[in-house]
Amino acid sequence: MSASFKLLVLCWAFGLGCSLQSPEWFHNISTNLFNLSGDILLGGLFPINQITSNLTERVEPGNISCNSLNKFGLGLALVMKYSVDEINANQTLLPGIKLGYEIFDTCRQSAVIVEPTLSFLTEKSTGELPVKCNYTDYETRVAAVIGPYISEMVSVIAKLLGFFLMPQISYGATSEKFSDKLRYPSFLRTVPSDKLLAEAMVHLMKKFRWNWVAVVGSEDEYGQEGQRQFSKRALNMSICVAYEGTIPMYSDAERAVNNILNNIKATKVGVVVLFCQTQSAEVFFKEVSKAERSCLPKDFKKLSKSQHDGALIIHSIQSDVQVIKRNMTGVWVASTTWAIHNRLSSLPNIHTVGTIIGFTYKTQTLQLLTAYTEELFTRLDEERTKSSPLAPESGRDDPRHPCPQCWNLSREDVSLVMQPAVQRIAFSVYAAIYSVAQGLHTLLGCNTTACMWGAETKIYPWQIPLSACSPNCGQGQVRRVKGSHSCCFDCINCMNGTFQAKQWDTQCTKCPVGQWSLIRSTKCTKPTFDVLSWGQSESLGMMLAGAVLLICQGSVGVVFLKHHGTPLVSASGGALGGVALLSLMGGCLSLLLFLAQPGDIVCRLQLPLTSIFHTVALSTIMAISLQIIYVTELEKAASHLDIMRSLGGWLLVLACCGVQAGFCGWFVQNGPSLSEYLANMNVDFVRKFLSCPMQPPAGFVLMQCFNCTLAFISFMCTFMAAEPVRQYNLARDITFSTLIYCVIWLIFVPVYTGLVDELRSIAHVSFSLGSSMGLVAAYYFPKCHLLLRKPELNTSDYFRTFLEGIQPPQEEQQPEPQPEPEPEPEPQPGQ
């Protein structure tokens, strides 16, 4: 069943210009195809031949034969010659300087490409490659290297050339890994990377809703990197790669292709992406075309004749298509390397394999190339006719000569440069040559008439600048185009909250919700939270202070327990005073909740626990303060003192704790959990200290104000209380302790509001420790001093006012002594 071949070519823009020149200079061109002497030499690496020897039988370094002409590679080498001849003829870029070239065959073999590369690196003056400690003043034989074509060959020599910082411009290597300037500092290219091709392929899959595909790559750098790039992007677009296969390049490919086709059949995929070299694709479709055929499913008929999607242009040639009978739909997606190569389009039965969708670059056409090649081959034919049939071309017997049979080229061979594959890549070679020429133009300070060039002028490869309107933007910068040329632009920094998504972006992309970025970022990240870890110096300091406070509180407790039932302990509240001391210890321990990674439960307990423990201690002190004001200011206090010191005091403490518990419950009920707080957080930071949400703020204010109110009432009750004569002044201890507490928390307010989150947590813990220490030091320490240093004062008489409710006696006023009357003087005798 006959069917015409369908080819879909997808192009993206590669915007470079091409200038037309007068062909008068054609009459002066040299017929030396692969070498031309000049003031400055360029090195060229092209796949002019194909390997003809068996690498498995290779036993010597030079035992490799490449005698099968590759017309595609030869056509590209002729483009380099054309470009150099055009520059030399026009004399506008490099006036007074002649460019030369040396072109070598790569044979697409790593063992072949190393030798010419080493010759490029030899010293210009000696032709040798010396070992030096410093190659800064080392002038190489060639100024720059053009090529090679494929990524596999670039990976062999790019790092070596990068060591010398020799400009290397490839016209076909598209592997994304060569974009890494740290590893390949001197590598450049005039074609887009596989990253863009993979993205275009994935968008094609998405456009036609093909989400079950296979990917096949050649066993080289190009195929493996392209396969990886496509699979990575397909996963992000919810496209399933059902199978991935590899076509060997240096072993039995036919058997591997049969296995690949069987696996494709087993997975029942309808679309196959081929990221491979031309020879691998040729072997693959030779096997495909051997299979039986059946009709293409109707659903693919929906593909329109011309569709536009951004920079992608799809051209469709409709035909009655048939596919292989392996239970596959026969849709093959071709990478740029083999999409329009004549080795594929000329295969027998290629029209039976189905539908091929090929990607290629939209590029410029070198309009003078065909005429130039025709003139070149005509002159070559004339020279061959004039010379003796046995006279070889100069250097043709050199074993390094890339094409001995090219001496026989004639006008009939002009089709070499008319192949679609050559036409597609020709401008990339042309642009590479002109980029070097423009760099030399800048380096040598050339104008339209002369360059700063002399016999002593030396050109070091690392000196050659790039030919660019604008330097490349750095990471995290986007391009703002100036004027009408996309090559001229300003580099704009991506600010906080935005990032550079792709290398050629013209606008920064906003970060998604829940992520943020710093200035000049290439991606957004979820925020990272810091906490007060146990090992931090601040945490260690607070724990040390807390430990000292606990030791003090424990010591006071031991002293009070030892003197339990004595007048001093009874006057200080007895059991109620012990509860107050325990609550202060609990408040100290609860501050540990502010350290380490917080959680929902920890955040629910932090403030309520600290506040309720302080409430117990302060309400106890307030109960004692009310007793003091009661016995010192009211008469007949003794009859009710027992009630106030027992049941009344406990009820007051419970009542105060109940009110505080209500505030704590309202705070917990209306505030968000830590998880809710993080989920609803407005992320405008990359790194931040994580503390428990103090929401609603009114809850914290109510809890702390209630405690300060208890302390203030105690202060007012004892500040004006009468001082008992010749008895212990219990009111004084309460006055100073509550005053210290109130002053500390009044200072806390302005300090806390002016701090960042991390310091706020530290401040809260520090002020809590300070207020607890103030209560212990001012209220309990004086009593311990009396118990330990003046035990003789621990008597009922010394605490009678607070134990029995007896009004403090007033000082008895002593009557002022009357002055004795002076005795009257005795009368003198004789008076």
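Analyst: Cys 692 is buried, because its relative accessibility is 13% and the cut-off for buried is under 20%. Keep in mind that this is a predicted model. The partner of Cys 692 is Cys 603: the two form a disulfide, with their sulfur atoms 2.0 Å apart. In case the word is new to you, a disulfide is a covalent bond between the sulfur atoms of two cysteines. This link is left-handed, with -75° about the S-S bond. It ties together distant parts of the chain, 89 residues apart: Cys 603 belongs to helix α14, while Cys 692 is in the loop between β24 and α17. Cys 603 is buried too, at 13% relative accessible area.

Now for some other pairs. Cys 511 and Cys 524 are joined with an S to S distance of 1.9 Å, and their link is left-handed, at -75°. Both sit in the loop between β22 and β23, 13 residues apart. Cys 446 and Cys 451 are also bonded, S to S 1.9 Å, but here the link is right-handed, at 115°. Both of those cysteines are buried. In total, the count comes to seven disulfides.

And the single ones? Cys 664 is among them: its sulfur is 9.9 Å from the closest cysteine sulfur, that of Cys 657, so a bond is ruled out.

Key. Residues numbered from 1 in each chain as written. Predicted model: local features only at pLDDT ≥ 70, side-chain atom pairs only at ≥ 80, totals over all residues. Heavy atoms only, no water. Disulfide = S-S within 2.5 Å. Buried < 20%, exposed > 50% of the residue type's maximum accessible area, 1.4 Å probe, protein only. Helix = DSSP H or I, 4+ residues; strand = E, 2+ residues; numbered from the N terminus.
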